[in-house]
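Subject: Structure handover

Hello,

Here is the structure we talked about handing over. Please load it first, then read the notes below.

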Amino acid sequence: MQVVDLRSDTVTLPTQAMRQAIATAELGDDVFGEDPTVNRLEAMAAERLGKEAAMLVMSGTMANLVSVLSHCGRGDEIIVGDKAHIFLDEAGGCSALGGVHSHQVPNQPDGTLSLSDIETAIRSDDIHFPRSKLICLENTQNMCGGVCLTPAYMRQVRQLADKYGLAIHLDGARIFNAAVALGVDVKELTRDADSVSFCLSKGLAAPVGSLVCGSQDFIKAARRVRKIVGGGTRQAGIIAAAGIVALEQMVDRLAEDHANARILADGLANMPGIALDLARVQTNLVYFDVSGTAWEAAGFCERLAALGVLMLPIDRHTVRAVTHYGIERPDVERALSAVSQLLAHH
Ligand code: TLP
């Protein structure tokens, strides 16, 4: 049975063009700065995001960790959403390895942190307090349904950050999904952030890799932190070669994933027992609540898997389905009929 895997866009496999590029990549030792393919990818990424410099790392988690540790020292504090990947899903890395304290503020349903919550969270200069250093935002905001933060919101947070002398890090794991969905140049979304991370190996379908982008000075500091966490790699052009193809060929097609997610969401929203907020389906992530069905999320996904469709249980009642390269319209139809079969048989 052919499986329709909607657990994540991280399951995407590289394209033929990527495999070809990997096979023929020009290589060198990147710790010496001598891998021409890595250098090319980093220059492309910096240019694309409107930053001075960029650095390749092995994962989105590493990109965020290296970024936070480049902005903050021990006893410093980040202001971060309570549904942020950095807070929820990175094993507490910045506190475990960097002694960086986190101050969580609630993510609003639209993915934002309210400006007043951010302002309230900023510490005054008092020996009792950690030092507020960095505001972390996420675009698209994964756990809020893959919603997009807008350029206007970014500008407002920038003004607040400037008022208090804070920096902004943007976890842009899916920043190109946001740019495509909003119909804006990605630079509009990154302009107001001091550092940005984005992933090659989600919807862009490269096998490995993320980029950290920022000023020359920031990336210089980040190279040292990357070394500390064991992330200086040698002939990494093998990885960068696929990343170049991802940036050149895989960005515009994200619109297809968004269209498929919309079809999937429309279908699911009409099924008995499923609650789904269509306004939050803006990109390729579809979150829905199964508490009106006979199953909790884990049981729902287990039974669906037996029908050849994989989705991800997120919490007790929430399930996530993600569209991506390799998922076509017939796969979406198959997923919908599997869910309706499941619901009908109970
Ligand atoms: N997210 C994964 C899981 O960890 C939840 C997924 O399937 O969505 N930032 C954001 C916003 C992310 O969604 C992720 C991955 C990362 C960072 C981390 O990227 P990786 O997995 O490359 O370390």
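Helices here are DSSP runs of H or I with at least four residues, numbered from the N terminus. The model is predicted. Please keep that in mind throughout.

Ligand site

- Thr 61: an N or O atom of the side chain is 2.6 Å from an oxygen atom of the ligand.
- Lys 202: a polar side-chain atom lies 2.8 Å from a ligand oxygen.
- Arg 174: a polar side-chain atom is 2.9 Å from a ligand oxygen.

How much of the ligand does the protein bury? Taken alone, the ligand exposes 510 Å². The protein buries 81% of that.

Now to a sheet of 3 strands. The sheet is open, and its order is β9-β12-β11. The pairing is antiparallel. Which strands are at the edge? They are β9 (285-289) and β11 (312-313), and each pairs on one side only.

Look next at β11 and β12. Strand β12 covers residues 318-322. It is joined to β11 by 2 bridges, and the two run antiparallel. Leu 312 has Arg 320, in β12, as its bridge partner. In general, strands of a sheet pair through backbone hydrogen bonds.

Backbone points to check

Two loops deserve a look.

- Asn 139 and Thr 140 are joined by a cis peptide bond, with omega about 0 degrees. Thr 140 is in the loop between β5 (131-138) and α7 (151-164).
- Ala 91 has a positive phi, near 55 degrees, and is a residue other than glycine. Its place is the loop between α4 (85-88) and α5 (93-98).

That is the handover. Send questions back when you have been through it.

Best wishes

Key:
Residues are numbered from 1 along each chain as its sequence is written. This is a predicted model: local features need pLDDT of at least 70, side-chain atom pairs count only at pLDDT 80 or more; totals for chains, interfaces and linings use all residues. Side-chain values use heavy atoms; hydrogens and water are left out. A polar contact is a pair of N or O atoms within 3.5 Å; within protein, one must be able to donate a hydrogen and the other to accept it, and residues adjacent in sequence count only if both atoms are side-chain atoms. Accessible areas come from the Shrake-Rupley method with a 1.4 Å probe; for residues, only the protein chains shown count as cover. Two strands pair if DSSP finds at least two bridges between them.
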